[in-house]
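Welcome! Please take a look at the structure below, and then we can walk through it together.

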Amino acid sequence: MQTAIDLLTTNETYFYREPAHFVQLQTLARRSLERRESMSIWSAASSSGEEIYTIAMVLQQLIDTGQPVRWEILGSDISTRVIASAQRGVYPLERVQRLPQDLLHRYCLKGAGPAAGTVLVDKSLRRKVRFTSINLIEPLPDIGPFDVIFLRNVLIYFDLPTKQKVLRAVLPPNASGWRAVRGHGRA
Ligand SMILES: C[S@@+](CC[C@H](N)C(=O)[O-])C[C@H]1O[C@@H](n2cnc3c(N)ncnc32)[C@H](O)[C@@H]1O
């Protein structure tokens, strides 16, 4: 079954996909810093890790520029194959094409010799993120609560009742304070 899931899922992703979401993340992180709170983030369909490492880079950059945000990130996916790939943190160069150069230079190592044409996400970030396998359409394990949930480019694979079920499971019971980040139709 797992092999079938690994083969059937569409895992398309890349670094810094939909930049507006990461700008919004920075704003939320600065707000949490003002309130002296830590930030807990869940990438709920993290695929091979590009999304979660982008989140980690954006937050770590705040720290490295004197804004000591405290954060923790969980990445999950139904496919164990992509989770294993995310844990390795090695990517072909084309996946980082849209990553701002300062993030690329600060948080990625360029492969040489047999690793030419790839980048490796810095160990300091790989150590700070956790990955696990979660099927969003089954009852969720006891995780969270989270301040921010990235649920991107995954609901599109579900029919309407399933989308509603997943959203009910993922959002807190009183979700009136939650809203979509504007300008990005695909959930
Ligand atoms: C197109 S990728 C999106 C990756 C990333 N969120 C992004 O936007 O770049 C969709 C991911 O959703 C995962 N997925 C599909 N069905 C799922 C389910 N029922 N539970 C958890 N993950 C699922 C797939 O394995 C795949 O890695």
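Four strands line up as an open sheet, in the order E6-E2-E1-E7, with parallel pairing. Its edge strands, E6 and E7, each pair on one side only. Here, two strands pair if DSSP finds at least two bridges between them; helices (H or I, at least four residues) and strands (E, at least two) are DSSP runs, numbered from the N terminus.

This is a predicted model, where local features need pLDDT of at least 70 and side-chain atom pairs count only at pLDDT 80 or more, while totals for chains, interfaces and linings use all residues. Residues are numbered from 1 along each chain as its sequence is written.

| Strand | Residues |
|---|---|
| E1 | 38-43 |
| E2 | 70-77 |
| E6 | 129-133 |
| E7 | 148-150 |

E1 and E2 pair in the parallel sense over six bridges; Met-39 has Trp-71 in E2 as its bridge partner.

Next comes the core. The largest nonpolar core has 38 residues, and Ile-52, Ile-55, Ala-56, Leu-59 and Ile-73 touch the most other members. Such a core is a set of buried Ala, Val, Leu, Ile, Met, Phe, Trp, Tyr and Cys residues joined through C-beta atoms within 7 Å, and buried means that 20 or more other C-beta atoms lie within 10 Å of a residue's own, with C-beta atoms placed from the backbone. Helix H3 (50-64) is among the elements that give two or more residues to this core, and H3 gives the most, with seven residues.

Key
Buried ≥ 20, exposed ≤ 12 C-beta atoms within 10 Å, placed from the backbone.
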